[in-house]
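Please look over the structure below.

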Amino acid sequence: MAAQKQYQYDLPAFASVQRYYDAWESRVGYHALLGGTRHFGYWAPGTIWPFPLSAALRRMEDRLWESLDLPAGSTVLDAGCGIGHVALHLAHKGFRVRAIDITENHVRWAQEEVKRQGMQRMVSVSWGDYHNLDGMADESFDGVYTMETLFHSSDPAKAVSEIYRVLKPGGHIVFHEYDHIDATKPPPDCPPDLVEAIIRINTTAGGAGFHSFDRGDLPHIIEDQGFADVTAHDLTENIRPLMRLFWVIAYVPYLLIRLLGLQLYFVNTESGVQGYRALKRGYWRYMVYTARKPATRDGGANIDGARQRRVE
């Protein structure tokens, strides 16, 4: 079980996230390939032709909406909203969304997009840190979600604890996140250069939570904060078409980048190659975790009692 540690405001981790998203490679790549969206799409297993990408991105957002399992009019927190695409998609389905992000450019662009779509009554966007939701009242949201953002957390247990605090009793969480093999104890057949690349990619991309997301750790973190009915769903095969596309696009440029020793300056290019390599070997997975906050301290799964955990 992942150990919890005392939270400290981690300025270096914040700076690392800012550098990653402000880098020209990230700005150009996310815009050119994903229209600015910061998450994977959803395809049927076995899909070869991944286009149009935008349709797959919206399908992943639809899956998030379905997993939240909340009625229209519910108030939800987007804990790491990027440029607001997910928040706006859910708002168009009837949710009222409060969206936060620690990257100032993301906040500004998301606010502009909300205004452009005329959705100010349904979506509010502000700077915010999911480790410290001090400006949010206890039990104020029907649902909370992350879309590939806890990966950046310097203290996932603290972030999940804060999410628990602001969630209403009976409320739902959905976390779209990654997990991977323990890089300090890789399988005997794992090439050393792949382990080095995985660590380098996660460090350079602001992945402060990398070492908290060894396989099976996040469900335990969620349970330890008091959530009940924790489930884990493996969607790796559903995101494989995009990983394959990244590999096709990145492979030749990566060979030159590696020859020149410039991997630190082209983290997304290296990730496109080495990430797909790790996925094919089963070393990392794309997971969706769901859970609910118990409606009462002694109803269903209680705060101190046993929790159910189901993995599919």
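Val248 is exposed, with a relative accessible area of 52%. Exposed means over 50%, buried under 20%, and partly exposed in between, with a 1.4 Å probe and protein chains only. Val248 sits in helix α9 (residues 236–260). Helices (H or I, at least four residues) and strands (E, at least two) are DSSP runs, numbered from the N terminus.

This is a predicted model: local features need pLDDT of at least 70, side-chain atom pairs count only at pLDDT 80 or more, and totals for chains, interfaces and linings use all residues. Residues are numbered from 1 along each chain as its sequence is written, and side-chain values use heavy atoms, without hydrogens and water.

## A buried charge

Asp78 lies in strand β1 (residues 75–79). Asp78 is buried but has no salt bridge (a side-chain nitrogen of Lys or Arg within 4 Å of a carboxyl oxygen of Asp or Glu). The nearest side chain of opposite charge, Arg58, is 11 Å away; Lys and Arg count as positive, Asp and Glu as negative, and His and the chain ends are not counted.

## Aromatic rings

The whole structure holds 15 aromatic pairs. Ring centres of Phe, Tyr and Trp (its six-membered ring) must lie within 6.5 Å; planes under 30 degrees apart are stacked, over 60 edge-to-face, the rest tilted. Phe40 and Trp284 have centres 6.3 Å apart and planes at 45°, so the pair is tilted. These two residues are 244 residues apart in the chain. Both are buried.
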